[in-house]
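Visitor: I am new to this structure. Can you show me how to read it, one feature at a time?

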Amino acid sequence: MTENAELYSMVMGKYRMSDTLTAEEQAFMLESRKRVLRAILKKYRKYSTALWFVIAVAIAFRNIGIKLSFIQAKVALGVALIVGAAGGSAASYAGAKYIYEHVRQRDVPEVREIISLESPACLKELPAPRPAAIESAGERAPKQPGTAGQEPPRSRVTVPSM
Amino acid sequence: MNSDSLINDKINRASERDLEKFTGVYMDYYPLIMGAAIKRAANRDEAEDICQEVFSILLEKINEVHDHKSWLMGTLKLVTLRHYQALNRDTADIEAHFDDANLGYVNGFRDTRIMIAEAMDAAECTPDDRTLLDLVAVRGFTYENAAKAVGLSRRQARYRYERIVERIIEKLRRKGVNDLRELL
């Protein structure tokens, strides 16, 4: 079958029925297709970004052998946008969550370290408590049984009998 | 209201369905028309301008045209002539380019050419098949480029082209050509 196709091309060439384009011209032609379409739509004020997206989707599907109507292209575009938005949101959420947890895990040991290292130093530098503060602390302290100024009763000691 | 404003008004009222139809025809036939324009114009930019003009007229008349390929080829000829006249160039060469029969007389292969052309016409091609045939057989497109132009995969384009050639060979066989080698 391939041989016949080649023979046919030779016949077309021999009888001057073909007028071939160079590879460069073919590439230029394929490349100019969208540009010319856009120019025509702009010329008649029919061009809009939304319409162009729909046409681009239809052309993209056409290039892989699927011909879509504008309505089908719009549906495909809508689905792609929804999936893209959902994917983007999910990725943002996962990323934010990862960063939050990562930062939290890193911060906790640092806080512990700061406390253990700096606490004594801070205590040393604390100013001496003022008398008024001591008094107020004494008022707030729970009252011990017995009179004021007396030593608290010692606990009873049981001596084992001989 | 002059004719230009009437045309613009007509196009402004073109529905999305008309635009969809136009886009479909444009995608189907742009390679064919641009290929022909490149061969007839002095350079690629001119070819692009001519092509743009042809399809602009098509957009104006999208609902009035039925045989798109014939209409586009005829309009291409008119637009090219008009373009050359506007530039004060000799239009005789352009007319010769469009007239295939002239080449037949020059080469002395007129009868065979007509027979092959008839076989191509009788091969019961769909418009897409005909475009594919023109691109590969007449314009020498690679399967890959032709596939991009008509919206097929490379393998599909090759398979379909080979099927078309088989049908043409069958038609030629009925005209007494048993093997393509006889024509070489």
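**A first helix**

Guide: This is a predicted model. Start with helix α1 of chain A: in α1(A), A:Y8, A:V11 and A:M12 are buried.

Visitor: Where do the buried residues of α1(A) fall, seen down its axis?

Guide: First the general idea. An α-helix has 3.6 residues a turn, so residues three or four places apart point the same way. Now the case here. The buried residues of α1(A) lie within an arc of 100°, so they line one face of the helix. On the other side of α1(A), A:T2, A:E3 and A:E6 are exposed.

Visitor: What covers the buried residues of α1(A)?

Guide: The cover includes α7, α8 and α10 of chain B.

Visitor: What span should helix α1 of chain A have?

Guide: Count 1.5 Å a residue: the 13 residues of α1, residues 2-14, should span 18 Å. The end C-alpha atoms of α1 are 19 Å apart, which agrees.

Visitor: Which residues touch the most other members in the largest nonpolar core?

Guide: The general idea again: in soluble globular proteins, nonpolar side chains tend to be buried together. Here the largest nonpolar core has 29 residues. Those touching the most other members are B:Y26, B:I33, B:M34, B:A37, B:C51, B:V54 and B:L58. Two or more residues each come from α2 of chain A and from α2, α3 and α4 of chain B. The largest share, 13 residues, is from α2(B).

Visitor: What does B:C51 touch, leaving out residues up to four places away in sequence?

Guide: B:C51 touches A:V36, B:I33, B:M34 and B:A37. There is also a second, separate core of 26 residues, which includes B:A123, B:L135, B:F141 and B:A157.

Visitor: What is phi of A:R45?

Guide: Most residues other than glycine have a negative phi. A:R45 has a positive value, near 55°. A:R45 sits in the loop between α2 and α3 of chain A.

Visitor: Is A:R45 buried or exposed?

Guide: Count its neighbors. A:R45 has 10 other C-beta atoms within 10 Å, so A:R45 is exposed; the cut-off is 12 or fewer. One more positive phi: A:R16, which follows α1(A), has a phi near 50°.

Conventions. Residues are numbered from 1 along each chain as its sequence is written. Chains are lettered from A and ligands numbered from 1 in the order in which they are written. This is a predicted model: local features need pLDDT of at least 70, side-chain atom pairs count only at pLDDT 80 or more; totals for chains, interfaces and linings use all residues. Helices (H or I, at least four residues) and strands (E, at least two) are DSSP runs, numbered from the N terminus. The expected span of a helix is 1.5 Å times one less than its number of residues. A residue is buried if 20 or more other C-beta atoms lie within 10 Å of its own, exposed if 12 or fewer, and partly exposed in between; C-beta atoms are placed from the backbone. The arc is that of the directions from the helix axis to the C-beta atoms. Two residues are in contact if their C-beta atoms, placed from the backbone, lie within 7 Å. A nonpolar core is a set of buried Ala, Val, Leu, Ile, Met, Phe, Trp, Tyr and Cys residues joined through C-beta atoms within 7 Å.
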